[in-house]
Amino acid sequence: MGLYVETVIRTGMDELWERSQDPAQHQRWDLRFTSIDYLPRAEGKPQRFRYATRVLPFLSVAGTGISAGERHRPDGTRVSALRFASDHPLSLLAEGSGYWRYVPGPDGIRFLTGYDYRPRWGRFGALADRLVFRPLMGWGTAWSFDRLRLWCERGTPPGRALARALAETALRVLLCAAALAYAPPAAALPVLAAALLLPPLPGTPAARRCLRTPPGRAAAPAPRLLTTLEPS
């Protein structure tokens, strides 16, 4: 898988599963989606869904997907897998697949994802993906995972976590602007360094708190469940 994100969340397995698998709860914390809606399905069949991401106030990019999950595994872990695609002409993402793993441990639940996708728009799309879109997707996934962690561990609603992040970012920008405008260079440099380098407050989501490469730099293979899903 091209992208990997992992965090540890100290919460119950059922709560984490519901907040990541229920569309109404999932779309509250995941920056990558504005809306997720399940489509009707027959008993025993994988779940199809429709998703949308608002890229501008008046423009959303939509797609469809198919997913399946395993809640009861002999080793106590859980896993879900999905395939997704978008035929929207403005969507750089053409199609892809991924998985989530839930691994209980002494310090909490290792919640991790691996996913990859095929960009469209030919060479331009490949370049835009490598330089901009893929790093942004990795950052957004990690930031969202930390927002979910704060929701589960501290009870911080996702909307409040976003407000805190925006307020803290605005404060850092104001400090930088004030230092550049009014302070002599010798005094401005420490302020700029602090505003840019200090980690976010503990109650503010931060992508840097998540792992972005697999431990040992060798990703586990995608779950076999993924091979049972037909392309969306």
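Visitor: How are residues numbered, and what pLDDT do local features need?
Guide: Residues are numbered from 1 along each chain as its sequence is written, and side-chain values use heavy atoms, with hydrogens and water left out. In this predicted model, totals for chains, interfaces and linings use all residues, side-chain atom pairs count only at pLDDT 80 or more, and local features need pLDDT of at least 70.

Visitor: What is the strand order of the open sheet?
Guide: Helices (H or I, at least four residues) and strands (E, at least two) are DSSP runs numbered from the N terminus. Two strands pair if DSSP finds at least two bridges between them. The open sheet has seven strands with antiparallel pairing, in the order S1-S7-S6-S5-S4-S3-S2.

Visitor: Which are the edge strands?
Guide: An edge strand of this sheet pairs on one side only.

Visitor: Over how many bridges do S3 and S4 pair?
Guide: Thr-53 stands opposite Val-61 in S4. Strand S3 (residues 47–56) and strand S4 (residues 59–70) run in the antiparallel sense, and their pairing covers nine bridges.

Visitor: At about what angle does H3 run to S7?
Guide: Axes are lines fitted to C-alpha atoms, for helices over the stretch in contact (heavy atoms within 4.5 Å). Angles run from 0 to 180 degrees between N-to-C directions. Helix H3 (residues 122–154) lies across S1, S6 and S7, and its angle to S7 is about 160 degrees.

Visitor: Why are the buried residues of H5 on the same side?
Guide: In H5, Ala-188, Leu-192 and Ala-195 are buried (under 20% relative accessible area, with exposed over 50% and partly exposed in between; 1.4 Å probe, protein chains only). They lie on the same side of H5 because their arc, taken from the directions from the helix axis to the C-beta atoms, is only 65 degrees.

Visitor: Which helix do the buried residues of H5 pack against?
Guide: The face of H5 turned away from its buried side carries the exposed residues Ala-186, Leu-189 and Leu-197. The buried residues pack against helix H4 (158–182).
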